[in-house]
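Please work through the following exercises with the sequence and the three-dimensional model at hand. Each task is followed by a stepwise solution.

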Amino acid sequence: RMKIMPNRMDRGFYRYQEEFEQKALEVLRSGWYVLGKEVSSFEEEFAAYTGGNYCVGLASGLDALWIAFRLLGIGAGDEVLVQGNTYIASVMGITMNGATPVFVEPDEYFGINVKELESKITDKTKAILVVHLYGIATPMDEIVSLCEKYHLKLVEDCAQSHGACYNGRMTGTFGDVGCFSFYPSKNLGAFGDGGAVVVKDEALAKEFKVFRNYGSEKRYYNKVVGTNSRLDEIQAGLLRVRLSHMEELTQEKIAIASRYTEGIHNSKIKLPQIPEGSTCVYHQYVIRCEERDRLIEYLNEKEIGTIIHYPIPPHLAEAYRYLGHHEGDFPITEHLAKTVLSIPMYNGMTEDEQNMVIDALNRF
């Protein structure tokens with residue numbers, strides 16, 4: 001019997017092995033390894049892919065988030081609205097700048113509950129952080145209107161939503177800054193850490209370019225105290241290869257997801273729903289089950305791997321104890337943390353593997 005991993009990246013490599021290896025050698029032989037033509041070409045190509053105006057490559061998705069809030073001028077005394085059921089990195093982007101996260105419960109699509117947003121806005125609120133969780137594009141109309149009405153900054157965490165659209169427009173292009181991660185397991189994954197921002201405004205794009213390189217526009221002339229957060233040439237080159245196949249890679253994940261959606265029939269298991277006007281690129285295929293721990297054990301026996309995204313909501317994390325939240329403060333968020341389960345979903349997954357997962361879930 002074969003073991004099915006919750007995610008695997010080797011197949012995504014082998015499918016385009018020659019192109020990846022050729023590109024790696026090309027970069028190695030070029031003698032130029034930091035901020036060269038691969039990075040600038042990737043930035044142009046990714047901006048074009050998303051439909052955003054400018055892209056700036058950075059060292060990670062977390063860097064994209066915290067630098068975004070830093071450059072938008074958000075810091076101590078400021079509040080940022082963010083959904084409670086996100087990965088802790090989203091929240092770190094806020095708190096690393098001394099700002100305070102104000103948690104909002106999610107809706108039935110795992111996204112921020114738009115109906116709750118306005119009631120959470122105070123005179124300290126400076127921004128909304130929307131997380132397009134699991135690859136599901138959050139409906140953006142009302143959020144954009146609220147930001148205009150209250151003069152708030154809008155940041156999108158697109159670490160899981162490369163290519164997901166709302167009303168035909170790609171995530172990352174609605175707000176002031178769209179933050180992306182290229183961690184290897186992402187839909188557009190590098191072979192190590194990597195990230196980027198997509199921005200509308202040319203002046204802001206320039207600020208990101210200065211800030212990521214020690215705050216210097218010209219070598220040894222430092223305008224600001226920046227950081228070292230650069231996307232490597234080799235990662236940018238490899239990302240360009242993957243980006244050129246993004247359409248087929250995305251369609252493949254959508255096809256696997258629709259087989260799951262059509263094939264899984266079990267009253268104990270709740271399948272993911274997609275909001276009207278949104279597309280989902282299935283970074284994860286997330287089911288819900290009231291008897292999740294028993295389900296995990298059962299699948300482990302069948303050698304089917306799963307992952308919980310995420311077992312501990314940020315408001316209950318030890319790191320955020322200082323915010324003063326307690327169990328019961330965000331019941332929907334907490335219930336999701338106890339019931340969500342990501343089942344195997346990766347490029348190169350065979351029909352046999354998919355059938356084994358469907359069959360196992362139906363027999364649970």
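The model is predicted: local features need pLDDT of at least 70, side-chain atom pairs count only at pLDDT 80 or more, and totals for chains, interfaces and linings use all residues. Residues are numbered from 1 along each chain as its sequence is written, and side-chain values use heavy atoms, with hydrogens and water left out.

**Exercise 1.** Determine which residue forms a salt bridge with Glu353, and state where the two partners lie.

Solution. 
1. A salt bridge is a side-chain nitrogen of Lys or Arg within 4 Å of a carboxyl oxygen of Asp or Glu. The whole structure contains 20 salt bridges by this search.
2. The partner of Glu353 is Arg11, with the closest N and O atoms 2.7 Å apart.
3. Glu353 belongs to helix α13 (residues 351-363) and Arg11 to helix α1 (residues 10-15), so the pair ties together parts that are 342 residues apart in sequence. Helices (H or I, at least four residues) and strands (E, at least two) are DSSP runs, numbered from the N terminus.
4. For burial, the classes are buried (under 20% relative accessible area), exposed (over 50%) and partly exposed (in between), with a 1.4 Å probe and protein chains only. Glu353 is buried at 2% relative accessibility, whereas Arg11 is partly exposed at 23%.

**Exercise 2.** Describe the salt bridge between Glu252 and Arg15.

Solution. 
1. The N to O distance between the side chains of Glu252 and Arg15 is 2.9 Å.
2. Glu252 sits in helix α10 (residues 246-263) and Arg15 in helix α1, and this link joins distant parts of the chain, 237 residues apart.
3. Glu252 has 17% relative accessibility and counts as buried, while Arg15, with 38%, is partly exposed.

**Exercise 3.** Identify the residues of the negative surface patch and the elements that supply them.

Solution. 
1. Patches consist of residues with over 30% relative accessible area and no salt bridge; like charges are joined within 9 Å, and nonpolar side chains (Val, Leu, Ile, Met, Phe, Trp, Tyr) within 5 Å.
2. The negative patch comprises Glu18, Glu19, Glu21, Glu247 and Glu248.
3. Helices α2 (17-30) and α10 each give two or more residues to this patch, and α2 provides the largest share, three residues.
4. Glu247 is located in helix α10 and is exposed at 52% relative accessibility.

**Exercise 4.** Locate the nonpolar surface patch that includes Tyr33.

Solution. 
1. Leu25, Leu28, Tyr33 and Val34 make up the patch, with about 350 Å² of accessible area together. Accessible areas come from the Shrake-Rupley method with a 1.4 Å probe; for residues, only the protein chains shown count as cover.
2. Tyr33 lies in the loop between α2 and α3 (37-50) and is partly exposed at 44%.

**Exercise 5.** Is Phe46 buried or exposed, and which residues does Phe46 touch?

Solution. 
1. Phe46, a residue of helix α3, is buried, with a relative accessible area of 0%.
2. Contact means heavy atoms within 4.5 Å. Not counting residues up to four places away in sequence, Phe46 touches Cys55, His162, Phe180, Phe182, Leu188, Val198 and Leu243.

How values were computed
Lys, Arg positive; Asp, Glu negative; His and termini not counted. Charge placed at Lys NZ, Arg CZ, Asp CG, Glu CD.
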